[in-house]
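Below, labels given to parts of a model are questioned one at a time. Each reply sets a value against its cut-off.

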Amino acid sequence: MSISNVHNNCSLSIDSFQKLREMFNERFGILFNDGDRYLLESRLSARILDLSLDGFEEYADLLSNTSQSGELESAIEMLTNNETYFFREDYQLNAFSAEILPSLQRRNVRKRHLNIWSAGCSSGEEVYSIAIFIAESELFTNWNVRVFGSDISSRMLARARSGIFSKSAFRNTSDYLRMKYFRRVGTEWALKNSIKEKCNFAKINLLDAARAGMLGKFDAIFCRNVLMYFDRQSRTDTIELFHRHLNASGYLLLGHTESLFNQKTPFAPVELHNAMVYQKREEAFV
Ligand SMILES: C[S@@+](CC[C@H](N)C(=O)[O-])C[C@H]1O[C@@H](n2cnc3c(N)ncnc32)[C@H](O)[C@@H]1O
């Protein structure tokens with residue numbers, strides 16, 4: 001095949017775009033709009049070249065083959081927004097620290113166990129920010145503290161597990177916290193073990209109820225800047241998953257553009273200083 005043929009075949013027809021976006025939506029909940037056709041075309045055409053395929057039609061056929069689920073995962077990794085950084089939306093983390101952590105400390109004082117989930121954690125900055133806030137609170141010394149991070153991207157999870165971050169991850173970090181919890185390694189910064197050892201990561205697709213169902217219960221779940229990319233039904237299914245995996249009166253923290261306002265859910269909005277969060281009510285999901 002000549003190079004010019006390859007380029008022609010790498011234009012994404014409306015039909016193939018439709019097939020691809022339906023597959024991504026069904027499997028991962030992510031909704032691609034009509035305007036995203038060029039994004040899919042530009043990000044996925046290299047994959048077609050790598051696999052020596054004839055074009056997007058053949059690629060869509062390959063992805064629809066259930067034995068190719070690994071390829072579907074590679075494709076979604078090339079399409080998702082993985083933007084994150086330490087202490088993002090810090091007004092909410094401050095409210096978490098000042099108001100939620102003391103209440104969890106009182107509630108769990110007997111078992112001395114604190115369990116937090118960051119769902120859709122990308123390269124881990126959110127997980128480690130939560131663990132740093134917990135350490136800074138000094139409320140959980142000698143407790144069993146676990147901060148669990150999950151994402152669909154193996155590439156992002158590998159970065160998270162490395163605990164090594166470049167300068168841009170610290171765009172909202174005070175020098176005090178950076179110097180206290182990280183050490184310089186060349187041009188990058190490595191997280192200290194005292195925080196790293198409290199955190200662990202796993203690859204979990206929030207739409208994969210069977211795999212996500214294996215998780216235990218959490219005192220609080222952060223899912224920030226993830227549901228905004230989902231369609232309505234996938235958002236509802238994910239909120240229901242979180243409800244099942246929260247302890248009684250557990251907290252759900254969403255991103256600042258995300259809310260449960262137009263949805264009927266067994267969560268009560270709780271207004272903290274400067275931040276809105278949600279608390280699990282003991283009711284069935286309808
Ligand atoms: C914009 S990042 C948000 C990172 C972090 N929560 C924050 O607010 O800084 C969104 C992340 O959600 C992940 N994601 C998207 N769909 C997902 C799904 N179905 N299951 C799990 N993670 C998903 C993406 O891989 C990406 O890393």
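Q: Where is E71 found, and why is E71 called buried?
A: The model is a predicted one. In it, E71 belongs to helix α5, which covers residues 69–79. Its relative accessible area is 8%. Buried means under 20%, so E71 is buried.

Q: What makes the pair E71 and Y59 a polar contact?
A: The contact joins the two side chains at 3.1 Å. A polar contact needs N or O atoms within 3.5 Å, one able to donate a hydrogen and the other to accept it. The contact between E71 and Y59 is therefore listed as polar.

Q: Which helix holds A75, and how do you know that A75 is buried?
A: A75 is found in helix α5. The relative accessibility of A75 is 0%. The limit for buried is under 20%, so A75 counts as buried.

Q: How far apart are A75 and L20 in sequence and in space?
A: They are separated by 55 residues in sequence and by 9.9 Å in space, C-alpha to C-alpha.

Q: Why does L63 count as buried, and where does L63 lie?
A: L63 lies in helix α4, residues 56–64. Its relative accessibility is 4%. With buried set at under 20%, L63 counts as buried.

Q: How far is L63 from Y91 in sequence and in space?
A: The two residues are 28 positions apart in sequence, and their C-alpha atoms are 41 Å apart.

Q: Why is S52 called exposed?
A: S52 has 60% relative accessibility. Exposed means over 50%, so S52 counts as exposed. S52 lies in the loop between α3 (37–50) and α4.

Q: What makes N274 exposed?
A: The relative accessible area of N274 is 57%. The cut-off for exposed is over 50%, so N274 is exposed. N274 lies in the loop between β9 (267–272) and β10 (275–280). N274 and R107 are 167 residues apart in sequence and 23 Å apart in space, C-alpha to C-alpha.

Q: How many residues surround the ligand, and which are the closest?
A: The ligand is surrounded by 20 residues, and the closest are T84, G120, D151, R224 and N225. To be included, a residue needs a heavy atom within 4 Å. By class, this shell has seven nonpolar, eight polar and five charged residues.

Q: Which atoms lie 2.9 Å from an oxygen atom of the ligand?
A: One is an N or O atom in the side chain of N82. Another is a polar side-chain atom of R88. A nitrogen atom of the ligand is 2.9 Å from a polar backbone atom of R224. Each distance is within the 3.5 Å limit for a polar contact.

Q: How much of the ligand does the protein bury, and where does the ligand sit?
A: Alone, the ligand exposes 600 Å², and the protein buries 99% of that. The ligand sits in the largest pocket. That wording requires more than half of its atoms to lie within 2 Å of the pocket's grid points.

Conventions:
Residues are numbered from 1 along each chain as its sequence is written. This is a predicted model: local features need pLDDT of at least 70, side-chain atom pairs count only at pLDDT 80 or more; totals for chains, interfaces and linings use all residues. Side-chain values use heavy atoms; hydrogens and water are left out. Accessible areas come from the Shrake-Rupley method with a 1.4 Å probe; for residues, only the protein chains shown count as cover. On a 1 Å grid over the protein atoms alone, a cavity is a set of points where a 1.4 Å probe fits but cannot get out, and a pocket is an open set with protein on both sides within 12 Å along at least five of seven lines; lining residues have an atom within 4 Å of a point. Ala, Val, Leu, Ile, Met, Phe, Trp, Tyr, Cys and Pro count as nonpolar, Asp, Glu, Lys and Arg as charged, and the others, Gly among them, as polar. Helices (H or I, at least four residues) and strands (E, at least two) are DSSP runs, numbered from the N terminus. Buried means under 20% relative accessible area, exposed over 50%, partly exposed in between (1.4 Å probe, protein chains only).
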